[in-house]
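I opened this notebook to record what I looked up in one structure. My entries follow the order of my reading.

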Amino acid sequence: MAFTEFDTAALPREQRFEWWCEAIGQGVAPIRITTDKASDFTASLSSLGLGPLQLTTLAFPELRSERTAELVRRGDPETYELTLILGGSMAVAQGRNDAALRAGDFALWTSSRPYRGRAASTPGTGAARAIILHLPRKLVPVPEARLDPLLAHALPARSGIGRILADHLVSVAREAPGLDDAECERLGMASLDLAAGLLAVRADAQDRISPETRHQVLLARIDVFIQDYLADPQLDPDAIAAHHHISVRLLHQLFRSRGETVSTAIRRRRLERCSRDLTDPRLLAVPVHAIGARWGLTSPASFSRSFRTAYGVPPGEHRRTALAVRSEATLHASQANDG
């Protein structure tokens with residue numbers, strides 16, 4: 001499995017900043033980094049190989065970075081760096097463009113040209129944190145000339161396909177330690193499809209991406225729509241197809257590759273939400289049938305049958321068992337602390 005992670009806290013203070021500079025130079029590209037925090041540089045880094053792509057997660061204090069023409073000549077991985085800002089504030093300048101970035105923005109730059117960057121903590125979002133998706137330039141289907149205007153510009157990640165890609169990358173980063181090679185390969189292709197979709201939309205170059213990529217992007221949009229409207233009892237294939245301006249037939253064709261129907265996917269996700277809520281002590285006073293109704297399962301009898309089929313027990317028994325296990329675990333922990 002191509003996953004590594006490291007925290008500078010494991011090193012002596014005098015070695016931390018030097019190690020960070022070397023790690024960034026080897027994992028991303030040769031960069032000149034300066035900071036006022038070198039004497040006690042607290043930062044973390046994790047890296048996950050996704051087939052031909054790489055995903056890097058970073059957290060670090062205030063710093064300035066520069067990739068000069070000389071450093072480009074010294075080593076160029078020939079990648080587009082698509083960065084999701086998770087915390088702090090950042091800025092990047094490349095060519096004639098200069099962007100100020102905040103949490104919830106994507107930024108794009110290329111390793112093949114000089115650039116400058118800076119990062120700082122902010123009161124609201126804390127230390128600078130980011131996820132970088134390293135995209136080999138040769139795999140990005142959008143022509144370089146169409147992407148140049150997007151370099152060092154803020155690309156929103158709060159709605160539309162930007163939100164879809166952001167949620168995807170955060171999920172992959174969270175699950176990274178448990179992924180095997182085959183899963184990483186599949187997630188790499190999915191990440192490439194979504195990133196290509198975002199860049200094509202922002203560059204007005206949708207005609208340059210393949211039908212397969214368009215379908216994957218459409219499926220991702222549909223997934224987000226389903227998650228957002230799970231609580232609506234009217235959510236069904238007709239409503240989903242109408243919202244996305246496609247036929248119900250195409251919708252079913254898109255889901256066929258997943259091995260479950262649209263209705264099955266909706267029901268599964270609703271039941272997963274119900275299972276989560278039933279085991280939440282804060283919702284103990286909410287009746288079982290109301291838990292089902294809040295996720296669009298308005299018929300108590302149908303909800304009970306569907307839940308039993310999926311989990312092997314009725315929802316009420318599932319709740320009692322889960323809460324009893326939680327209570328026992330809490331008791332054991334308390335006794336251990338007392339001891």
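The entries below concern a strand residue, aromatic rings, charges over rings and salt bridges.

**Entry 1: the model.** I note that this is a predicted model, in which local features need pLDDT of at least 70 and side-chain atom pairs count only at pLDDT 80 or more, while totals for chains, interfaces and linings use all residues. Residues are numbered from 1 along each chain as its sequence is written, and side-chain values use heavy atoms, with hydrogens and water left out.

**Entry 2: Ser46.** I located Ser46 in strand 3 (residues 44-50); helices (H or I, at least four residues) and strands (E, at least two) are DSSP runs, numbered from the N terminus. Is Ser46 buried or exposed? With a relative accessible area of 15%, Ser46 is buried, where buried means under 20%, exposed over 50% and partly exposed in between (1.4 Å probe, protein chains only). Beyond its neighbours within four places in sequence, Ser46 has contacts (heavy atoms within 4.5 Å) that include Phe3, Glu5 and Leu55.

**Entry 3: aromatic rings.** I counted rings of Phe, Tyr and Trp (its six-membered ring) as paired if their centres lie within 6.5 Å, with planes under 30 degrees apart stacked, over 60 edge-to-face and the rest tilted. The count comes to eight aromatic pairs. Phe225 and Tyr229 form a tilted pair, 4.6 Å centre to centre with 35 degrees between the planes. Phe225 is buried at 11%, whereas Tyr229 is partly exposed at 40%. Ring pairs also link Phe17, Trp20, Phe41 and Phe60 into a cluster.

**Entry 4: charges over rings.** I applied the rule that NZ of Lys or CZ of Arg is within 6 Å of the ring centre and within 35 degrees of the ring normal. Arg137 lies over the face of Tyr80, at 5.9 Å from the ring centre, and Arg258 over that of Phe255, at 5.2 Å.

**Entry 5: salt bridges.** I found 20 salt bridges, each a side-chain nitrogen of Lys or Arg within 4 Å of a carboxyl oxygen of Asp or Glu. In one of them, Glu66 pairs with Arg32, the closest N and O atoms being 3.7 Å apart. Glu66 lies in strand 5 (residues 63-67) and Arg32 in strand 2 (residues 32-34), so the pair ties together parts 34 residues apart in sequence. Asp76 and Arg67 meet at 3.8 Å, N to O; Asp76 is partly exposed at 28%, but Arg67 is buried at 0%.
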